[in-house]
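Dear colleague,

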Amino acid sequence: MLKIKHLPALALIGAAVACQGNKSSQANSADSITATKDTNKTAKFISKPLVSHIYTADPSAHVFNGKIYIYPSHDIDAGVPENDNGDHFAMRDYHVLSMDSIGGPVKDNGVALDIKDIPWAGRQLWAPDAAYENGTYYLYFPVKDKQDMFQIGVATSKSPVGPFKAQPQPIKGSFSIDPSVFKDTDGSYYMYFGGIWGGQLQRWAKGTYDANGSKTDLGKDNEPALTAKVAKLGKNMLEFSESPKDVMILDENGKPLLTKDHDRRFFEGSWMYKYNGKYYFTYSTGDTHRLCYAIGSSPYGPFTYKGVILKPVQGWTTHHSIVEIKGKWYLFYHDTELSGKTWLRNVKVTELKHRPDGSIETIDEFVKP
Ligand code: FUB
């Protein structure tokens, strides 16, 4: 999972820890590994892990009936060697976390969905999201099918914490990873999804899946970058009502972000929210380890790149959700404070602040010495 040349110093440190045992990078990174161990001992963080009895990541938070629910990935140590394809993220079930208020006790509500109960699933239950509509809770999840192609499934429950029952087939027309479901103020739902590298989005560049396509080759540097997809959901919440469209992210001159622009282009981890009538498309830049945002006037975009929400955290991946709770805005995110290992993460929350002009104050998860 390493592309060292794009890593800032901090992420290089985190990546080196994750690569212990990976021969190709171990030889070059002995100094970094030492530095990481020191960093893990001394680093101070602005927030504490919300739970520590299990590893959790990719937190999608929602307020349902006045209570906070977090739908995270459930990280496990499956003993799978780390690689650029993300095979080491070999998760097998979901647990829903709940809390009455920010800062209050966090409850683990047990297994909400197990991979063995998803008829079409092969391996790797990655970042989920949830929605509530008309008496039913919907859990949206990416998982590789039995041919090792990521698709997105949906499961339903009458309870926000499950257990959820999976539909027998993936959502028709869905692909790749990281579904994020947004309810607009007119009641319409949209799913944003996609992720490059291990998320396989590059294998869909020509419109159909290329099973032998590259794991990391994303096209020419000066061409528009691959980007997230968006599709409106049907009234039954179980299918797309249209073909997915590109989520265009433009630079300050109105030009699409380019493949070479690793600091700003989309990688994975879409999350949409609305603030003061504007649509905030937020996402991870993956190999540059940032959470960024872009603002538009429609749920379909285009969105204009505006800046960084969260600087690189400890660990390789970064993934989040942004929610308003009792008049304040919160960023739910993850790092590797508990384990120091890329694939064993822990979810956290911190307040997020908008300036009067709608821009977001950049967050650094490290306390300055
Ligand atoms: O948790 C597995 C993958 O790592 C997620 O799907 C990505 O967003 C990244 O956080």
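This is a predicted model: local features need pLDDT of at least 70, side-chain atom pairs count only at pLDDT 80 or more; totals for chains, interfaces and linings use all residues.

Residues are numbered from 1 along each chain as its sequence is written, and side-chain values use heavy atoms, with hydrogens and water left out.

**The ligand site**

The residues surrounding the ligand are Asp 58, Ser 73, Met 91, Trp 126, Ala 127, Ile 177, Asp 178, Glu 268, Thr 317, His 319, His 334 and Arg 345 (near: one heavy atom of the residue within 4 Å of the molecule or strand). This shell divides into 4 nonpolar, 4 polar and 4 charged residues (Ala, Val, Leu, Ile, Met, Phe, Trp, Tyr, Cys and Pro count as nonpolar, Asp, Glu, Lys and Arg as charged, and the others, Gly among them, as polar).

Taken alone, the ligand exposes 280 Å², and the protein buries 99% of that (Shrake-Rupley method with a 1.4 Å probe; for residues, only the protein chains shown count as cover). The space that the ligand takes is the largest cavity (on a 1 Å grid over the protein atoms alone, a set of points where a 1.4 Å probe fits but cannot get out; a molecule sits in a cavity if more than half of its atoms lie within 2 Å of its grid points).

**The backbone**

Asp 178 also deserves a note for its backbone: its phi is near 55°, a positive value in a residue other than glycine. Asp 178 is placed in the loop between β9 and β10 (180-183) (strands are DSSP runs of E with at least two residues, and helices runs of H or I with at least four, numbered from the N terminus). Asp 178 is buried, with a relative accessible area of 4% (buried means under 20%, exposed over 50%, partly exposed in between, with a 1.4 Å probe and protein chains only).

Trp 197 has a positive phi as well, near 60°. This residue lies in the loop between β11 (189-193) and β12 (229-232), and Trp 197 is buried at a relative accessible area of 4%.

Where are cis peptide bonds found? One joins Gly 162 and Pro 163, with omega about 5°; Pro 163 belongs to the loop between β8 (150-157) and β9 (165-166). Another joins Gly 301 and Pro 302, with omega about 0°; Pro 302 belongs to the loop between β17 (291-296) and β18 (303-310).

Asn 83 is found in the loop between β2 (67-75) and β3 (93-99) and is partly exposed, with a relative accessible area of 23%. Its side chain reaches the backbone nitrogen of Gly 86 at 3.0 Å. A polar contact of 2.8 Å joins the side chains of Asn 83 and Asp 87 (a pair of N or O atoms within 3.5 Å; within protein, one must be able to donate a hydrogen and the other to accept it, and residues adjacent in sequence count only if both atoms are side-chain atoms).

Is Thr 208 buried or exposed? Thr 208 is exposed, with a relative accessible area of 55%, and is placed in the loop between β11 and β12. Pro 142, in strand β7 (residues 136-145), is buried, with a relative accessible area of 0%.

With kind regards

Definitions and conventions: On a 1 Å grid over the protein atoms alone, a cavity is a set of points where a 1.4 Å probe fits but cannot get out, and a pocket is an open set with protein on both sides within 12 Å along at least five of seven lines; lining residues have an atom within 4 Å of a point.
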